[in-house]
Amino acid sequence: MPNKGTILIIEDEENIRDFISTSLRAQNYKTVDAKTAAEGMTLAASLCPDVILLDLGLPDMDGIEVIKSVRAWSMLPILVISARSREKEKVEALDLGADDYITKPFGPSELLARIRTAMRHGAVAAGHGAPSQIFTTGGLQIDFGKRLVRVDGAEVHLTQVEYKIVALLAQNAGQVLTYDAIISHVWGPYMDDNNRILRVNMANIRRKLEKNPAEPQYINTEIGVGYRMAEEL
Ligand code: CA
């Protein structure tokens, strides 16, 4: 069986660490464990793993420090393991350069999906593999070259701003993007009262794309954090 990649797990709770490494090894990933932030930073530098899974509550220092340290020299994908209802912490981690997060408790299929997404984005960021020209998820199709959006084969007319938001989310499908990251990409960093304008645009986008805008299947809200385009439907 070919090795799918090396995953560094930085997590001090033994049962979570064991659950993660067992799930990943069963799918032919190679795993390496670290119990402290210091150990994790050393292993990250010496191994250059394909993905780092990082718990933020570590015994020797905050996991946030690991993100800062790794981002000083590498763009390798960092997936944060976070407790439920720690939105502030998630946003801080994402704004400092973490790629995504997974909320405890999580199952193996969610973990594997996040790792596949992180590895794919890592490969594109490193220049191996080009981002595709056409994005498809379920009945939604976006042709970036032609700036065309279709739902179940029918063309959907989006405003310039709506298209920018949808295209950005699609280019990062499977990963959460924070409200601030979307706003600064679409309007620039000096926009005031921007969360409200983003919400208004998202309501219009959902009305145009979703069968039931109240229960969106393409663009999900991560409450208090941002939006995530579904990658696999
Ligand atoms: Ca912990």
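**Close-up views of a predicted model**

Asp180 lies in helix H7 (residues 179-187), where helices (H or I, at least four residues) and strands (E, at least two) are DSSP runs numbered from the N terminus. The structure is a predicted model, in which local features need pLDDT of at least 70 and side-chain atom pairs count only at pLDDT 80 or more, while totals for chains, interfaces and linings use all residues. Residues are numbered from 1 along each chain as its sequence is written, and side-chain values use heavy atoms, with hydrogens and water left out.

**View A. A patch of negative charge on the surface that includes Asp180.** Asp180 is partly exposed, with a relative accessible area of 47%; buried means under 20%, exposed over 50%, and partly exposed in between (1.4 Å probe, protein chains only). Asp62, Glu92 and Asp95 gather with Asp180 in this patch, patches being made of residues with over 30% relative accessible area and no salt bridge, with like charges joined within 9 Å and nonpolar side chains (Val, Leu, Ile, Met, Phe, Trp, Tyr) within 5 Å.

View B. Distant parts of the chain are linked here, as Asp12 is in the loop between strand E1 (6-10) and helix H1 (14-26) and Asp55, 43 residues apart from it, is in strand E3 (residues 51-55). Asp12 counts as partly exposed at 31% relative accessibility, whereas Asp55, at 5%, counts as buried.

**View C. The salt bridge between Asp99 and Arg71.** The closest N and O atoms of this pair are 3.0 Å apart, a salt bridge being a side-chain nitrogen of Lys or Arg within 4 Å of a carboxyl oxygen of Asp or Glu; by this rule the count comes to 15 salt bridges. Asp99 counts as partly exposed at 21% relative accessibility, and Arg71, at 17%, counts as buried.

**View D. Arg228 and Asp100 in a salt bridge.** The closest N and O atoms are 2.7 Å apart. Arg228 lies in strand E12 (residues 226-229) and Asp100 in strand E5, so the pair ties together parts that are 128 residues apart in sequence. Both Arg228 and Asp100 are buried.

View E. Most residues other than glycine have a negative phi, and most peptide bonds are trans. With a relative accessible area of 52%, Asp152 is exposed.

**View F. The cis peptide bond from Lys104 to Pro105.** Omega of this bond is near -5°, and Pro105 is found in the loop between strand E5 (100-103) and helix H5 (108-125).

Technical notes. Areas by Shrake-Rupley, 256 points an atom, 1.4 Å probe, with all protein chains shown as cover. Lys, Arg positive; Asp, Glu negative; His and termini not counted. Charge placed at Lys NZ, Arg CZ, Asp CG, Glu CD.
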